Amino acid sequence: MAYTMTPTPAGPVGSQYCVCKVELSVCGQNLLDRDVTSKSDPFCVLFMEVNGKWVELDRTETAVNNLNPAFAKKFIIDYHFEEVQKLKFALFDQDKSSMQLYEHDFLGEFSCTLGMIVSSKKITRTLLLGNGKPAGKGMITIAAQELSDNRVITLSMAGRKLDKKDLFGKSDPFLEFYKPGDDGKWMLVHRTEVIKYTLDPVWKPFTVPLVSLCDGDVEKLIKVVCYDYDSDGGHDFIGEFQTSVARMCEAQDAFPLEMECINPKKQKKKKNYKNSGIIIVNSCKITRDFSFLDYILGGCQLMFTVGIDFTASNGNPRDPSSLHYINPMGTNEYLSAIWAVGQIIQDYDSDKMFPALGFGAQLPPDWKVSHEFAINFNPTNPFCSGVEGIVQAYSACLPHIRFYGPTNFSPIINHVARFASQATQQEAASYFILLIITDGVISDMDETRHAVVQASKLPMSIIIVGVGNADFAAMEFLDGDSRVLRSHTGEEAVRDIVQFVPFRDFRNAPKETLAKAVLAELPQQVVQYFKHQNLPPINSEQA
């Protein structure tokens, strides 16, 4: 998606993506004993950092006389992948009934990001005092769980010998499904298509969220009503019945479930009335529609690689007009892009070792041009430790290389694709993200298009951040939001995996805004790939 800033964004950028609720469970171990005659009475307070200040979100109940509490009250938080959500868990020994925290004895605290918790699913860490020293042997354990019912139900329905409602010809039947609403009235959930001129319809299978159909309760009664369609909207009632999802799930492929469709008025009037036809459930299956968070909580790691453009068009890094010039604040647009994307993604990679590659430069000692070199000059181990490691390697390599050209993307894309193709043999264990930061026009467009089309079949996404003021029309072309990308041979990309953002649109925006724009589409790209491959999360429960 090519993302440009609108003057007044409606709501936070990217907030329409991947917002779900996460439940955090907290336990303490070996807490400090602050009470003289008995043990501490601990409770836990959760804070979130908002605009640089810690804001209290919620607190647990108090566990009386307990140095190893498991709190029953859970913390529920909205999860946003594309934001760094900083949390602090602070434990106190309740002394008075006051709500003021300074009235209670402090037992220790622990800070981290929500991303760190969900990527590990469960973490146990040392509690620290205000001076940064351990709070005795006190530990805290935090476990995360997604709070959404991701089950979907797929129903395949048919009818037999339905009542004839049209004077000339047969009926045009369709079904409506209702669940009981909070007000006690029936609430419409789903309507099938109309099948014309038949008393023995076979409707297309349809899928709806289980929460929509029965609030996730398979025993809840639902009502199915059959009508004969009329173009004037005055549909004729054929009949109805009540059932439950649990009952419909008894239908198997070889053993359909049959329900009598009853018209209560006819039933009252006619003594020998049997039914107004039969509605058949040919199959009823409940499956899980896995989310991005399901894959992360299941143990999927995001593997992050950076590709940096060292072509001559960037300008001499010693010259303040160069895009690679590091200003007195210690930054430039390349570093800003690395920080913006890296600080989010690093939480989702357990070893936090990231390959950082350069292209378009001449390298010592023979000054040959390279389009995929390790910026730490260690080709067998191009890994940098965390985002800080990438930043250090980048700054250190600038004086030792000669900026040259051309701007070839395909070698670095193919480099990451080789690793991603090895991972496809496995389960949903890893997904690769390549961040390319560049100042301009791609020289090897045909090869790059081909590389992207091939990479679209792999567990891999490409983020391109354009720095400087060049014409980025070619990048927009690679980002397949408006049309499907084709290689020069005509082969289509299986899915859109490129996200392009021009850095200039974010120069004056808060630094979080770039991360949101760049990463907004990533969760759905991850889910799309694993679904396409029919790969459930590693530790998933079946429906």
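In what order do the strands of the open sheet of four strands stand? The order is β12-β9-β16-β15, and the pairing is antiparallel. Strands (E, at least two residues) and helices (H or I, at least four) are DSSP runs, numbered from the N terminus.

The model is predicted, so local features need pLDDT of at least 70 and side-chain atom pairs count only at pLDDT 80 or more, while totals for chains, interfaces and linings use all residues. Residues are numbered from 1 along each chain as its sequence is written, and side-chain values use heavy atoms, with hydrogens and water left out.

Two strands count as paired if DSSP finds at least two bridges between them.

| Strand pair | Bridges | Residues facing each other |
|---|---|---|
| β9 (residues 151-160) and β16 (residues 278-288) | ten bridges | isoleucine 153 and isoleucine 286 |
| β9 and β12 (residues 206-209) | four bridges | threonine 154 and threonine 207 |
| β15 and β16 | four bridges | glutamate 258 and isoleucine 280 |

Strand β9 is mostly covered, with seven of its ten residues buried. Buried means under 20% relative accessible area, exposed means over 50%, and partly exposed lies in between (1.4 Å probe, protein chains only).

The loop between β15 and α4 (264-269) holds isoleucine 262. Isoleucine 262 has a relative accessible area of 17% and is therefore buried. Apart from neighbours within four places in sequence, isoleucine 262 is in contact (heavy atoms within 4.5 Å) with Phe237, Gly239, Glu240, Gln267, Tyr273, Lys274 and Asn275. Its C-alpha atom is separated by 8.8 Å from that of isoleucine 278, which is 16 residues away along the chain.

**The three-stranded sheet**

Another open sheet has three strands in the order β20-β19-β23, again with antiparallel pairing. Its edges are β20 (368-370) and β23 (402-403); each has a single partner strand, so one side of each lacks a neighbour in the sheet. Two bridges join β19 (residues 361-363) to β23, and glutamine 362 stands opposite arginine 402.

One joins proline 364 and proline 365, with omega about 0°, and proline 365 lies in the loop between β19 and β20. The other runs from glycine 405 to proline 406, with omega near 0°; proline 406 belongs to the loop between β23 and α8 (410-423).

Helix α7 (residues 386-397) has twelve residues and spans 17 Å from its first C-alpha to its last. This is close to the 16 Å expected at 1.5 Å a residue, the expected span being 1.5 Å times one less than the number of residues. Its buried residues are Gly386, Val387, Gly389, Ile390, Val391, Ala393, Tyr394 and Cys397. Among the elements covering them are β17 (301-309), α6 (333-345), β18 (353-359) and β22 (383-385).

In helix α12 (residues 522-532), the buried residues are Leu522, Pro523, Gln525, Val526, Val527, Tyr529 and Phe530. They pack against α5 (292-297), β24 (430-438), β25 (460-466), β26 (498-502) and α11 (511-519). Just after α12, asparagine 534 has a positive phi of about 60°.

**Positive phi in two loops**

Lysine 161 is not a glycine, yet has a positive phi of about 50°. Lysine 161 sits in the loop between β9 and β10 (173-180) and counts as exposed at 67% relative accessibility.

Aspartate 215, also not a glycine, has a positive phi of about 60°. Aspartate 215 is in the loop between α2 (210-214) and β13 (221-228), and its relative accessible area of 37% makes it partly exposed.
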